[in-house]
Amino acid sequence: MLDIQNIRRDFPFLKQMVHGKPVVFLDTGASAQKPNVVIDAVKESYTNDYANVHRGVYYLSDQATEKYEGTRKVVQNFLNAEKLEEIIFTKGTTESINLVASSLLDDYFEVGDEILITEMEHHANIVPWQLMSKHKPLVIKYIPVTDKGELDLSALPSLLKAKTKLISLTHCSNVLGTINPIKEIIQQIRQNYPDIAIMVDGAQSIVHQKVDVRDLDCDFFAFSSHKLYGTTGVGVLYAKEKWHWLMSPYQGGGDMIKLVTMQQTTFADPPYKFEAGTPDIIGVIGLSKAIEYVQGVGMDNISAHEQALLQYATKSLKTIPGLRILGESEHKAAVITFVIDGFHANDLGTLLDLSGICVRTGHHCAQPLLQRFNVPSTVRASFGIYNTQEDVDALIKGLNKAMKMLN
Ligand SMILES: Cc1ncc(COP(=O)(O)O)c(C=O)c1O
């Protein structure tokens with residue numbers, strides 16, 4: 001069992017009052033609060049160790065490079081990637097997906113090729129493919145979602161064609177909370193289509209459970225540091241080595257070159273070929289602290305704690321008359337999205353805020369999914385390592401109060 005009160009002491013944000021009330025933070029799915037170890041590492045690095053990486057011959061630049069590259073090793077171990085070069089630093093999940101889309105466009109995709117995504121994707125895993133198909137006409141198809149909020153995998157055989165070149169799907173839905181059976185899906189695809197590129201959007205899953213990219217057998221895996229208790233501005237793309245030479249550089253600039261002449265450029269070896277310009281050095285260093293933090297708590301302990309909260313919150317929310325939860329899969333992370341008959345999500349969110357309760361309202365950057373469920377706007381409570389049953393009780397109390405005020 002986790003000592004949650006001890007964990008909460010690691011997060012200074014949680015000591016805050018909002019509108020005169022103790023803050024109840026239920027928006028970790030959007031971005032997590034930061035523990036002291038991350039905040040301190042950022043402060044310490046800017047105060048004492050700051051210098052640009054890869055460039056200087058002096059001691060401090062060497063130190064910064066060592067810490068920055070040390071994080072690559074930490075991430076490699078965290079994801080169980082086979083090679084260090086398979087870890088590419090980006091700005092976030094969004095950039096990781098855009099990087100894959102853009103890098104594969106020239107040499108991998110041909111006009112008329114098909115990309116398969118799902119109806120439950122975040123816009124970050126829809127729009128990059130649509131943008132790419134403007135440059136080279138490609139067909140985007142969607143695996144449907146059932147009323148329960150799961151992927152309808154019976155549709156998979158008919159959606160997979162010889163022309164399907166890439167499948168990109170979320171490991172965990174940021175709206176439904178559904179954890180997709182990625183390993184089984186990949187096994188099924190590989191039986192008949194062993195060479196298709198398979199990308200996993202891990203933005204939500206990485207925070208709730210252990211991830212092993214070799215066990216999943218995916219080609220690409222993306223996540224953001226800020227959702228994993230690290231800073232904003234840093235993400236990771238795991239890219240299996242076999243794809244590196246098919247992938248064009250994503251951006252041009254410093255650090256990604258071998259030789260530049262006035263006529264042309266030869267590129268550095270991966271991962272540097274994909275990391276143009278000065279990166280978010282301190283953010284990357286912060287990521288290693290965030291990973292060490294969650295590993296210290298234990299991913300299995302985090303999963304167990306969040307699952308208990310999910311059960312408690314689901315049961316409690318269902319006591320509210322007219323409340324409907326979107327996504328009732330048995331395999332869910334601690335993300336609960338709901339609507340209440342006769343109440344607008346934004347009104348509920350605004351009144352909850354007055355009680356110090358932070359939830360997200362709206363479409364959660366998943367408009368096609370909300371269209372699929374025929375709801376314009378929803379409320380989402382998403383839970384993290386530091387949330388408690390008291391937070392759930394505060395949410396229920398806050399919702400009842402808001403509904404009374406709006407009636
Ligand atoms: C499932 C999913 N994919 C992608 C993203 C985009 O992440 P970022 O904004 O950190 O790039 C999010 C963010 O909420 C998400 O939940």
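Ten aromatic pairs are counted in this structure, which is a predicted model. One of them joins Tyr 46 and Tyr 50: the ring centres are 5.4 Å apart and the planes stand at 35 degrees, so this pair is classed as tilted. Tyr 50 has a relative accessibility of 44%, and therefore counts as partly exposed. Another aromatic pair, Tyr 108 with Phe 109, is edge-to-face, with 5.1 Å from centre to centre and 70 degrees between the planes. Tyr 108 and Phe 109 are both buried. Ring pairs also link Phe 11, Tyr 229, Tyr 293 and Tyr 386 into a cluster.

Rings can also be examined together with charged side chains. Tyr 108 has Lys 165 over its face, at 4.7 Å from the ring centre. At Phe 373, the charged end of Arg 372 sits over the ring, and the distance to the ring centre is 4.6 Å.

Tyr 58, Tyr 59 and Leu 60 make a nonpolar surface patch of about 340 Å². Tyr 59 belongs to helix α3, which covers residues 59–79. The relative accessibility of Tyr 59 is 58%, so Tyr 59 counts as exposed; the cut-off for exposed is over 50%.

Is α9 enclosed by the rest of the structure, or open? Of its 17 residues, 13 are buried, so α9 is largely enclosed by the rest of the structure. Just after α9 comes Gly 298, which takes a positive phi of about 100 degrees.The next topic is charge pairing. Side chains of opposite charge can pair when their charged atoms come close. The structure holds 21 salt bridges. In one of them the side chains of Glu 330 and Lys 148 meet, with an N to O distance of 2.9 Å. Glu 330 is exposed, because its relative accessible area is 58%. Lys 148, at 34% relative accessibility, counts as partly exposed.

A further salt bridge brings together the side chains of Asp 217 and Lys 240, again described by its N to O distance, 2.9 Å. The two residues come from distant parts of the chain, 23 residues apart: Asp 217 is in the loop between α8 (213–216) and β9 (220–224), and Lys 240 is in the loop between β10 (235–239) and β11 (257–260). With 30% relative accessibility, Asp 217 counts as partly exposed. Lys 240 has a relative accessible area of 19% and is therefore buried, since buried means under 20%.

Lys 240 also meets the side chain of Asp 219 in a salt bridge, at 3.7 Å from N to O. Asp 219 is buried, with a relative accessible area of 0%. Together with Arg 190, the residues Asp 217, Asp 219 and Lys 240 are linked in a network of salt bridges.

Definitions and conventions: Residues are numbered from 1 along each chain as its sequence is written. This is a predicted model: local features need pLDDT of at least 70, side-chain atom pairs count only at pLDDT 80 or more; totals for chains, interfaces and linings use all residues. Side-chain values use heavy atoms; hydrogens and water are left out. Patches are made of residues with over 30% relative accessible area and no salt bridge: like charges are joined within 9 Å, nonpolar side chains (Val, Leu, Ile, Met, Phe, Trp, Tyr) within 5 Å. Accessible areas come from the Shrake-Rupley method with a 1.4 Å probe; for residues, only the protein chains shown count as cover. A salt bridge is a side-chain nitrogen of Lys or Arg within 4 Å of a carboxyl oxygen of Asp or Glu. Helices (H or I, at least four residues) and strands (E, at least two) are DSSP runs, numbered from the N terminus. Buried means under 20% relative accessible area, exposed over 50%, partly exposed in between (1.4 Å probe, protein chains only). Rings of Phe, Tyr and Trp (its six-membered ring) pair if their centres lie within 6.5 Å; planes under 30 degrees apart count as stacked, over 60 as edge-to-face and the rest as tilted. A charge sits over a ring if NZ of Lys or CZ of Arg is within 6 Å of the ring centre and within 35 degrees of the ring normal.
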